[in-house]
Amino acid sequence: RRFHARFNDVQQRRVETIVETKRVCIQPSFRARSSRRHDAEMNSASVIVVACWYSANIGVLLLNKYLLSVWGFKFPVFMTLCHMIMCSILSAAAREFRIVPKQYIRTRRHYSKVAILAMTFALSVLGGNVSLRYIPVSFNQALGATTPFFTAIFAYVLLQKKESSETYMSLVPVVGGIAIATWGEPSFHFLGFIACLVGVCCRALKSVLQGWLLSPVGEKAEDRPVGETKLDSMSLLYYMSPVAIVTLGICTCIMEPNALSAFHEAAVLNPSFIAILLANCFIAYLVNLTNFLVTAHVGALTLQVLGNAKGVVCTIVSIMLFRNPITFRSVLGYTITMIGVWLYSSSKRRSARLLAALENASRSKV
């Protein structure tokens, strides 16, 4: 009996050892397969989000150009107002259905900062839409590529923020390329050129003000006044939209007093006009939503690189659809500008990595 009892104990321990060994060997492989499956799903989601972002950006540009130039609805201020009304409605819906996280403004001082950003944002969108009435999308995108140049200027003037010599040198081809493209642009229109430059300057000013007003340089989260949390882009759009609507409504009454009657006439003559305008407004909101989602999936630096490529894609698609004339000088100038933008982005990424490395080194010493 004792022999059989010891034999059974040995057999039991041997079975337990085999089971434990199998569990230890199988579990990591299962985790690895799960991790690979999760990474594949994340990559697929990122590709879909980036594709939607590209489609929305290209779609809103082409529809704006179609309505303003081909259709003949020559009221860009009113169209921008419609965009902001749609953004306000859909931003509220996205918050209620928890598509985006809810953030709140609890102080009057914080909302006054958002109001300043809203007016700058409205003028930047307005300048771009007005320019599309007079100049082709390709030239609009070429001028839009100079945003880093004006951002560096405003950052230095307002924040006394200096960049590296390499960053400033990379802005030379940005400006030089636009000078060449403007000189060789066969569809040049002075009013469209000025409107686009105003929009670009306001866009650059907004990016500087956003970092200055909403997340001050060197200010820690615990040092901010109570209620001044850093807002994400969709919450910022939600709070900016009402102020932008008021600003654009005033501009519409002053600059385009006949816009409402023209809208009613176009809707009566061709009911499909309302569907096209609504689609345009909806895609304008999708630009902001997909921008937020792309940032969440791939990061801000990758978004900057994708944005540079987006300008090239928009230019090529617009030339294919609208058949606007181009010259070798225009292509050369735009190419030089995009090379400068790429050099600027690369320099900023290197500066960010160096700054992060220095901060990590200082923390490790402490």
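Arginine 350 forms a salt bridge with glutamate 166, their closest N and O atoms lying 2.2 Å apart, where a salt bridge is a side-chain nitrogen of Lys or Arg within 4 Å of a carboxyl oxygen of Asp or Glu. Arginine 350 belongs to helix H12 (residues 328-365) and glutamate 166 to helix H6, so the pair ties together parts that are 184 residues apart in sequence. The model is a predicted one, in which local features need pLDDT of at least 70 and side-chain atom pairs count only at pLDDT 80 or more, while totals for chains, interfaces and linings use all residues. Residues are numbered from 1 along each chain as its sequence is written, and side-chain values use heavy atoms, with hydrogens and water left out.

Side chains of opposite charge can pair when their charged atoms come close. The count of salt bridges comes to two, and the other one joins glutamate 96 to lysine 102, with the closest N and O atoms 3.8 Å apart. Here glutamate 96 is exposed at 57%, whereas lysine 102 is partly exposed at 28%.

Turning to the chain as a whole, it contains twelve helices and zero strands, both taken as DSSP runs numbered from the N terminus, with helices being H or I of at least four residues and strands being E of at least two. Of its 366 residues, 42% count as buried. Its accessible surface comes to about 20,400 Å², of which 67% belongs to carbon and sulfur atoms, the areas coming from the Shrake-Rupley method with a 1.4 Å probe and, for residues, with only the protein chains shown counting as cover. Among contacts with a separation of 6 or more, 86% are accounted for by residues 24 or more positions apart, a contact meaning heavy atoms within 4.5 Å.

An unreviewed UniProt entry lists several stretches under "transmembrane region", including residues 114-135 and 236-255; the positions follow the numbering used here, feature names are shortened, and such annotations may be inferred rather than shown by experiment. In the model, residues 114-135 are 82% helix and 0% strand, with the end C-alpha atoms 31 Å apart. Residues 236-255 are 100% helix and 0% strand, and their end C-alpha atoms are 27 Å apart.

Two packed helices are described by the angle between their axes and the distance between the axes. For H5 and H6 the axes come within 9 Å and cross at roughly 135°, the axes being lines fitted to C-alpha atoms, for helices over the stretch in contact, with angles that run from 0 to 180 degrees between N-to-C directions. That makes H5 oblique to H6, since angles under 35 degrees count as roughly parallel, over 145 as roughly antiparallel, 65 to 115 as roughly perpendicular and the rest as oblique. On the H5 side the contact is made by Pro148, Phe149, Ala152 and Tyr156, and on the H6 side by Tyr168, Leu171 and Val175.

Helix H4 (residues 137-144) is mostly covered, with eight of its eight residues buried, among them Phe139, Gln141 and Ala142. Ala142 is also one of the residues touched by threonine 337, together with Ala145, Pro173, Val174, Gly177 and Ile178, when residues up to four places away in sequence are not counted. Threonine 337 has its place in helix H12 and counts as buried, at 0% relative accessibility.

Leucine 321, in helix H11 (residues 300-322), is by contrast exposed at 56% relative accessibility.

Most residues other than glycine have a negative phi. Arginine 98, in the loop between helix H2 (76-96) and helix H3 (108-131), has a positive phi near 60° and is exposed at 63% relative accessibility. Glutamine 160, in the loop between helix H5 (147-159) and helix H6 (165-183), has a positive phi of about 55° although it is not a glycine, and at 53% relative accessibility it counts as exposed.

Note on methods. Buried means under 20% relative accessible area, exposed over 50%, partly exposed in between (1.4 Å probe, protein chains only).
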